[in-house]
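This report walks through helices, salt bridges and surface features in turn. Please keep the model open while reading.

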Amino acid sequence: MFASVFVLLYVAHLLADYPFQTDHQAAHKGERTAVGRRANATHALLHVGTSATLLATGTLVLDLHYSLPVSLVALAWIGASHSFIDRGWPVERWMKSNLQEKSFEEGGAAHIDQVAHVAALTIAALAIAGLS
């Protein structure tokens with residue numbers, strides 16, 4: 001079940017991070033302003049909704065059975081972790097404290113951002129698959 005859940009969550013992530021993300025969200029989600037916090041929250045909720053939709057699709061199409069409480073906690077984790085990572089400063093701090101400052105300055109933050117998101121999705125998929 002882990003592989004199926006992970007693929008569903010990863011596809012949901014790709015949809016929410018690229019074709020479904022608005023220009024406004026992309027431009028402002030990392031700002032430390034009210035506008036930035038709203039853009040970030042809206043983007044994180046988009047991830048939660050897209051993930052929930054694909055998990056529900058997995059139930060219908062693949063006959064997967066999840067624990068509802070575990071799935072709700074996993075969806076909350078997806079939203080919270082996505083919001084945290086997309087604030088920008090966690091990735092910047094990680095890169096600069098791990099001797100990746102040149103990579104950060106050359107645009108490498110997008111890669112670290114995506115690795116962090118995939119790690120968070122892996123934790124969610126492990127929880128759903130292992131505790132359902």
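Helices (H or I, at least four residues) and strands (E, at least two) are DSSP runs, numbered from the N terminus. The model is predicted: local features need pLDDT of at least 70, side-chain atom pairs count only at pLDDT 80 or more, and totals for chains, interfaces and linings use all residues. Residues are numbered from 1 along each chain as its sequence is written, and side-chain values use heavy atoms, with hydrogens and water left out.

**Salt bridges**

A salt bridge is a side-chain nitrogen of Lys or Arg within 4 Å of a carboxyl oxygen of Asp or Glu. The rule gives two salt bridges. The table lists the pairs.

| Pair | N to O distance |
|---|---|
| Asp86 and Lys29 | 3.2 Å |
| Lys96 and Glu92 | 2.8 Å |

Asp86 and Lys29 link distant parts of the chain, 57 residues apart. Asp86 is in helix H4, while Lys29 is in the loop between helix H2 (23-28) and H3. Are these two residues, Asp86 and Lys29, buried or exposed? Both are buried. Buried means under 20% relative accessible area, exposed over 50%, and partly exposed in between (1.4 Å probe, protein chains only).

Lys96 and Glu92 both lie in helix H5 (residues 89-97), four residues apart, about one turn of the helix. An α-helix has 3.6 residues a turn, so residues three or four places apart point the same way. Lys96 is partly exposed, at 36% relative accessible area. Glu92 is partly exposed too, at 29% relative accessibility.

The expected span of a helix is 1.5 Å times one less than its number of residues. H1 (residues 2-17) has 16 residues. From first C-alpha to last, H1 reaches 22 Å, close to the 22 Å expected. H3 has 29 residues and reaches 41 Å, close to the 42 Å expected.

Which residues of H1 are buried? They are Val5, Phe6, Leu8, Leu9, Ala12, His13, Ala16 and Asp17. Seen down the axis of H1, these residues fall within an arc of 160°, so they line one face of the helix. The arc is that of the directions from the helix axis to the C-beta atoms. The buried residues of H1 pack against H3 (34-62), H4 (68-86) and H7 (109-131). Contact here means heavy atoms within 4.5 Å.

H3 has its own buried set, including Gly36, Ala39, Asn40, His43, Ala44 and His47. Also among the buried residues of H3 are Thr50, Ser51, Leu54, Leu55 and Gly58. Their cover includes H1, H2, H4 and H7.

**Around the end of H3**

Leu60, Val61 and Leu62 make a nonpolar surface patch of about 350 Å². Val61 is in H3. Val61 counts as exposed, at 62% relative accessibility.

Just after H3, Asp63 takes a positive phi of about 60°. Most residues other than glycine have a negative phi. Asp63 lies in the loop between H3 and H4. At 53% relative accessibility, Asp63 counts as exposed.

Met1 lies in the segment before H1. Met1 is partly exposed, at 40% relative accessibility. Met1 and Leu62 are 61 residues apart in sequence, yet 9.9 Å apart in space, C-alpha to C-alpha. Not counting residues up to four places away in sequence, Met1 touches Leu64, His65, Tyr66, Ile128, Ala129 and Ser132.

Terms used
Patches are made of residues with over 30% relative accessible area and no salt bridge: like charges are joined within 9 Å, nonpolar side chains (Val, Leu, Ile, Met, Phe, Trp, Tyr) within 5 Å. Accessible areas come from the Shrake-Rupley method with a 1.4 Å probe; for residues, only the protein chains shown count as cover.
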